[in-house]
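These are my notebook entries on a structure I had not looked at before. I wrote them in the order in which I looked things up.

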Amino acid sequence: MTSFTYLFATRFVWTGLIGLLSTTHGFAADTSPDALLTQYQQAVAQKADRVRGQKFFTSTHANELSCASCHGNPPVTPGKHASTGKTIAPLAPLVHAERFTDSAKVEKWFRRNCKDVLSRECTALEKADVLFYLKDLK
Ligand code: HEC
């Protein structure tokens, strides 16, 4: 086998394995809390603020729901969905390692939950603040 074919084959096997692993776990780890935080901060060219993030997370905005209504305060133990009562795994990434590792999942839920709580999408700065607050909780 030429080294090119070998490289190609190895890569093929790895891609397949990684794909298989992420499907069986139901998530595709493509990012990390730190990488996302950097990305959000760069998008607005501002530094995140942990205290502002905590206030944002625990306050109500457009209606009677806050992020903490479903995720708990602080979100280091399982939360309970405010309307369905379903258990939600802890949101703090140091407690639940899958959190903030799948960018598609993170964006999907930020979009949905921000609309529920603020009646609009969250800004990149709001996401950065919340993530900065959540990142070191344990
Ligand atoms: C009505 C209940 C509810 C409210 C209110 C809520 N969430 Fe969620 N959130 C969920 C559910 C359900 C999921 C998806 C299930 C899961 O991931 O455990 C989720 C998942 C997430 C995720 C995905 C994280 C990951 O990587 O797995 C983020 C980020 C998130 N919520 C942030 C927020 C923020 C910020 C707020 C406040 C603006 C908020 N949520 C308010 C119910 C809620």
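Before starting, I wrote down what a contact is here: two residues are in contact if their C-beta atoms, placed from the backbone, lie within 7 Å. With that in hand I looked up L134, which touches P75, L91, A92 and P93 when residues up to four places away in sequence are not counted. I also noted that this is a predicted model, and I kept that in mind for the entries below.

Entry on confidence. I looked up the pLDDT and found that the chain averages 89, with 80% of the residues scoring at least 70. Over residues 20–24 the pLDDT is below 50, and beyond near neighbours in sequence this stretch has three contacts in the model. Where pLDDT is low, the predicted coordinates should not be read in detail.

Entry on the overall layout. I found six helices and two strands in the chain, and reading along the sequence I wrote the pattern down as α-α-α-α-β-β-α-α. Of the 138 residues in the chain, buried ones make up 23%. Among the contacts with a separation of 6 or more, 60% are between residues 24 or more positions apart.

Entry on the core. Which residues of the largest nonpolar core touch the most other members? I listed L37, A128, V130, L131, F132 and L134, out of 20 residues in this core. The elements that give two or more residues to the core are α2 (33–44), α3 (50–58), α5 (103–118) and α6 (124–135). The largest share, seven residues, comes from α6, and I therefore turned to α6 next, where eleven of the twelve residues are buried.

Entry on α6. I checked the length of this helix first: at 1.5 Å a residue, its twelve residues should span 16 Å, and the end C-alpha atoms are 16 Å apart, which agrees. Because eleven of the twelve residues are buried, α6 is largely enclosed by the rest of the structure. The buried ones are L125, E126, K127, A128, D129, V130, L131, F132, Y133, L134 and K135, and I noted that the buried residues of α6 pack against α2, α3 and α5.

Entry on F132. This residue is found in helix α6, and I asked myself why F132 counts as buried. The reason is its 21 C-beta neighbours inside 10 Å, since 20 or more are needed for a buried residue. Leaving aside neighbours within four places in sequence, F132 is in contact with L37, A48, D49, R50 and G53. I also noted P33, which is 99 residues from F132 in sequence, with 8.5 Å between the two in space, C-alpha to C-alpha.

Entry on A92. A92 is buried, with 22 other C-beta atoms within 10 Å. Not counting residues up to four places away in sequence, A92 touches P75, V76, R99, L134, L137 and K138. The C-alpha atoms of A92 and Y133 are separated by 9.1 Å, although the two residues are 41 apart along the chain.

Entry on the ligand. Which residues come nearest to the ligand? Of the 20 residues around the ligand, I wrote down C67, C70, W109, N113 and V117. Both α4 (67–71) and α5 supply at least two residues each to this shell, and the largest share, eight residues, comes from α5. By type, the shell divides into 13 nonpolar, four polar and three charged residues.

Most residues other than glycine have a negative phi, and most peptide bonds are trans. Against that background I recorded the peptide bond from N73 to P74, which is cis, with omega near -5°; P74 has its place in the loop between α4 and β1 (79–80). In the loop between α2 and α3 I found A45, whose phi is near 50°, a positive value in a residue other than glycine. A45 counts as exposed, with 8 C-beta neighbours inside 10 Å. S119, in the loop between α5 and α6, has a positive phi of about 60° although it is not a glycine. With 10 C-beta neighbours inside 10 Å, S119 counts as exposed.

Note on methods:
Residues numbered from 1 in each chain as written. Predicted model: local features only at pLDDT ≥ 70, side-chain atom pairs only at ≥ 80, totals over all residues. Core = buried A, V, L, I, M, F, W, Y, C linked by C-beta atoms within 7 Å. Helix = DSSP H or I, 4+ residues; strand = E, 2+ residues; numbered from the N terminus. Near = placed C-beta within 6 Å. Nonpolar A, V, L, I, M, F, W, Y, C, P; charged D, E, K, R; others polar. Expected span 1.5 Å × (residues − 1). pLDDT = per-residue confidence, 0-100.
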